Amino acid sequence: MLSGLTVVLVCLAYLGVLFAIAHFGDRRADQGRSIIDNAYVYALSLAVYCTAWTYFGSVGRAASSGISFLPVYLGPTLGMALAWLILLKMVRISKAYRITSIADFIASRYGKSHVLGGLVSVIALIGTVPYIALQLKAVSSGIDLLVPADDALAHVANGGGWFDTTLLIALALATFTILFGTRHLDAAERHEGMVAAIAFESLVKLGGFLAIGIYVTFILYDGVGDIFRRAAADPALSRLFTLAQGSGAYGNWFTLTLLSMFSVFLLPRQFQVAVVENVNEHHIRRAIWVFPAYLLLINLFVIPIALGGLMHFGVGGVDPDTFVLTLPLSHDHQALALLVFIGGLSAATGMVIVETIAVSTMVCNDLVMPLVLRYGGQGLARERDLTGLLLTIRRGAILLILLLGYVYFRVAGEAYALVGIGLISFAAVAQFAPALLGAMYWRGGTHLGAMGGLSAGFLVWGYTLLLPSFAKSGWLDASFLTEGPWGIGWLRPEHLFGMTGLDSLSHALFWSLFANCGAYLVGSALRPPNAAEAGQATMFVDVARRTAGVGTSFWRGTGQVRDLVTLVGRFLGPQRAEDAFLRYARLRGWNNLDEMEADPSVVQFAEIQLAGAIGSASARAMVATTVKEEVIGIDEVMEILDEASQVRAYSHQLEEKSRALEAATAELRAANERMKELDRLKDDFMSSVSHELRTPLTSIRAFSEMLCEDPKIDLEDRKRFLGIIVSETVRLTRLVNQVLDMAKIESGHVEWQNAEVDLREVITQAVDSVSQMLKDRGQDVHVVVPDTVPILWADRDRLVQVVLNLLSNGSKFAPKETGVLDVRMTANEEHVRVDVTDNGPGIAEAEQGLIFEKFRQGGDIRDKPQGTGLGLPISRQIVEHFGGRLWVTSQVGAGATFSFELPVGWRDDAPDGDAQP
Amino acid sequence: MANKILIADDEQNIVISLEFLMKREGFDVTVAGDGEEALKRIREIRPDLVLLDVMMPRKSGFEVCQEVKADSELQATKILMLTAKGRDTEVAKGLAMGADGYMTKPFSTKELVAKVKTLLGLGA
């Protein structure tokens, strides 16, 4: 066994190391070379989350209910995943408005209210003191285990009276906290030395826990596999491998996860290290994974240790909470036990230090200062330098909180009220969640809502959790739990309104958050936010926008700069105040303070300086005593807000316009492309037309010139040439007509003379008009038409034009003398079809598509057919106008069949009225 | 010995007029109705000058011109391109292909004769 003296000396030596680190950290901070400006240090300082309660208690929980110790770590892991959303905003708001505690945060948001800040402080204080006591108890129990009962010091340590080692440690911690937590007062106050020490403590506790974990797993047993194999053989242990059964278990799992998720941001100590002590918001990025990784590491060996301990001591042999110490002790590894104890001590001291600083700041700024300022009387008002008073209040608060913790520890002892306080504490700070989250994301929250929510939640928490814990400790009659107060069953605190099926924690969390959220929402809805609330709401919710540019102040005042400097000097010290104002003056472009005008932004600067020292609500009150406040009504705040929102709306409009412009540009570009394409098509068409016109003109001109100049040309040639000129002129005329016709059809300017048409008459008319030409060429035509055909609605002349075109095409390609044209008409209920077949050379498949293009002609080159190359395109356009189609089927050497079919019942519905004559 | 001229055009009537015109000037005239036939005739009869239409079936005047000018045995052949497409790009393209002259349809018979003579180095 270790001697009591050794243990005490080691403890004090360890605290000495903390002092050294903190001192070094502060010195480096003063030199401007921060050692905590590092993401890993930041993440390690967040690990102050892991207290002695978890250091010893995780194993205990694992030993009794398997992995149910995990949610306490899963919650923060999940919470950290949201850090970039929530924590970052908290940090930005706190930095922008010099917020130093969670009470300040909430009070500042809801109109800088003293009462609200006080309420939050009280909740934090009540939730925290037992928690601190728990840490002290952990240290005390540890010493009990390490030091033999007959040791000389043990008597002092635990036996007699109020003075013992635990008190010694509590006093040492108070000294440490006072030294490094209240060195000086400054608006941008951070405790760099303390944070460095906390980060160091996180390493120590991790090292201690890993050491015992490795010892148990690999030295006492043959690795994790061995432990689990042995445990699986024991039915009492193997049940720990599975999740507890029943719906309540999952409810409890969810409750714990949710609670610890809130806690990682809302516990006073977490707010302190995560928000107030944050040096650089980019550290959050790395902490998002480093902190959960830390949690993973420190939990790695929880189950092996729990199983190892249970197997070694037997179930119920030794309190599992002490396995980390009793296991090495039972194997006489005292040095290891001491190392593990130091780990536990670091977990306890880290928590106590940070929690105490955080809560003392709240108590000072949000509870004591408002009272002092209000009731301090004339003597206080005349005091030039109040820094001493402020520091004294804070130091007193620290000492008081620690002593309260110690007293609670002594009084509660082994009572349930102490053992169960960890989660009860979590549930208390969870009450901050609605007001705090609402503060950052909802403009509608008001002071009344926040007050109502916090009070309701806190009361229900006290009734459903705190009082039952007292009852379980025997401080209240147990019938309070079983029968309800005054025997009223539905008021039983753990079964409120008869609710059953939830464990007491889930039950309490459900009802307290229900009451909290409900009151917050209803209270906020009762009246619209007033000027102060609306102003603060905007500054919180839009923190990213507000702080980026020149801050908009929703409070206006004027006064003398000198007065402001004096005022701030009373709380920060005259010299520091002078320096701060001078720096600010230079920043704004003035050389010294006397030149500076006390415009609203200077007043606001003074207020922010004060806020860091005495809280935002008190700061407002103090500044108001010096400067003449120009009351800003809700209308003016709304105006300022409107201006801001107008600017936003304007920029929004600009964005929209630029988007519209972009879209228009894209449309124009597309239209331009289409125009270019059309232009190219038109160009091609013009070029083709030009070619087709020039070709006959060439012949006409050449022959005309020769005839004109040369009188000696003989008569035969003369006749021949004149004949060519005439035929070329005819061709030219036809071409001009068809080009115009084509253009008219394509542009939709044709006047369709639609009427009822019998297609047989059309065919007859067309065949009649080509019969003479065919006879001249010696070609035959055979027509087959059905007896009855449906009557179509179409332009008769146009259809004649189509059939005529097909006939003359066929005639052109059919051989002279032996040529035969077959015209066959068929009809069913849906279509009327006409096929014109010739016995010409046929059309190669490759050409079948081309012949429908303008100015394309098929046929043998030698015997270039007469024609413009527009007949088929025009015919197709006409057929398609009537809803039909025109196509060709042909094989080379086997003639060609041009077919078109028209739908029966087509009506010209075109609204431009070109249909009816 | 009279200069040999090949007339390549797919328009029958133009061929007739050009043939008459060139024969009257005393040239030895051959005709071709499409691009491929034109190339074949050029290889066969080695004309001194070709009146070459641009828009012809089978092979365009440009292609014929290019092949002639790429062939070391034929490249001395003078080529006078005739086209009904009057666009500047057509003219530029023809000349780039190595054509020796270019005339737009409809042309003046006098000018055509003068151009042919110039190309053949016959004093007007």
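Tutor: Start with Arg46(B), which sits in the loop between helix H2 (35-45) and strand E3 of chain B. Helices (H or I, at least four residues) and strands (E, at least two) are DSSP runs, numbered from the N terminus. This is a predicted model: local features need pLDDT of at least 70, side-chain atom pairs count only at pLDDT 80 or more, and totals for chains, interfaces and linings use all residues. Residues are numbered from 1 along each chain as its sequence is written, while chains are lettered from A and ligands numbered from 1 in the order in which they are written.

Arg46(B) is not a glycine, yet its phi is positive, near 45°. Most residues other than glycine have a negative phi, and most peptide bonds are trans. Arg46(B) counts as partly exposed because it has 13 C-beta neighbours inside 10 Å. The cut-offs are these: buried means 20 or more other C-beta atoms within 10 Å of the residue's own, exposed means 12 or fewer, and partly exposed lies in between, with C-beta atoms placed from the backbone.

Next, the sheet of chain B. Strand E3(B) covers residues 49-53 and runs parallel to strand E1(B), residues 4-8, with four bridges joining the two. Two strands pair if DSSP finds at least two bridges between them. Within this pair, Leu49(B) of E3(B) has Ile5(B) opposite. The whole sheet of chain B is open and has five strands, ordered E2-E1-E3-E4-E5, with parallel pairing. E2 (28-32) and E5 (101-104) of chain B are the edge strands; each has a single partner, so one side of each lacks a neighbour in the sheet. From one strand to the next, the twist averages 20°.

The peptide bond between Lys105(B) and Pro106(B) is cis, with omega about -10°. Pro106(B) belongs to the loop between E5 and helix H5 (109-120) of chain B.

How confident is the predictor in chain B? Its pLDDT (the predictor's confidence in each residue, from 0 to 100) averages 86, and 96% of the residues score at least 70. The model as a whole scores ipTM 0.91 and pTM 0.58.

Now cross to the partner chain. In the interface, 22 residues of chain B are in contact with 18 of chain A. Contact here means that the C-beta atoms of two residues, placed from the backbone, lie within 7 Å. On the side of chain A that touches chain B, helices H33 (634-709) and H34 (715-747) are the elements giving two or more residues. H33(A) gives the most, with 13 residues. That side of chain A divides into six nonpolar, six polar and six charged residues. Ala, Val, Leu, Ile, Met, Phe, Trp, Tyr, Cys and Pro count as nonpolar, Asp, Glu, Lys and Arg as charged, and the others, Gly among them, as polar.

Chain A has its own positive phi. Glu817(A), not a glycine, has a phi of about 70°. Its loop lies between helix H36 (796-813) and strand E6 (820-827) of chain A. Glu817(A) is exposed, with 9 other C-beta atoms within 10 Å.

For a contrast, take Ile398(A), which is in helix H20 (residues 387-412) of chain A. Ile398(A) has 26 C-beta neighbours inside 10 Å and so counts as buried. Leaving out residues up to four places away in sequence, Ile398(A) touches Ala174(A), Thr177(A), Ile178(A), Gly181(A), Thr356(A) and Ser360(A). Ser360(A) is 38 residues away along the chain, but the two C-alpha atoms are separated by 5.5 Å.

Overall, chain A has 38 helices and nine strands. Buried residues make up 47% of its 917 residues. The average pLDDT of chain A is 79, and 86% of its residues score at least 70. Two stretches need caution.

Key:
Axes are lines fitted to C-alpha atoms, for helices over the stretch in contact, and angles run from 0 to 180 degrees between N-to-C directions.
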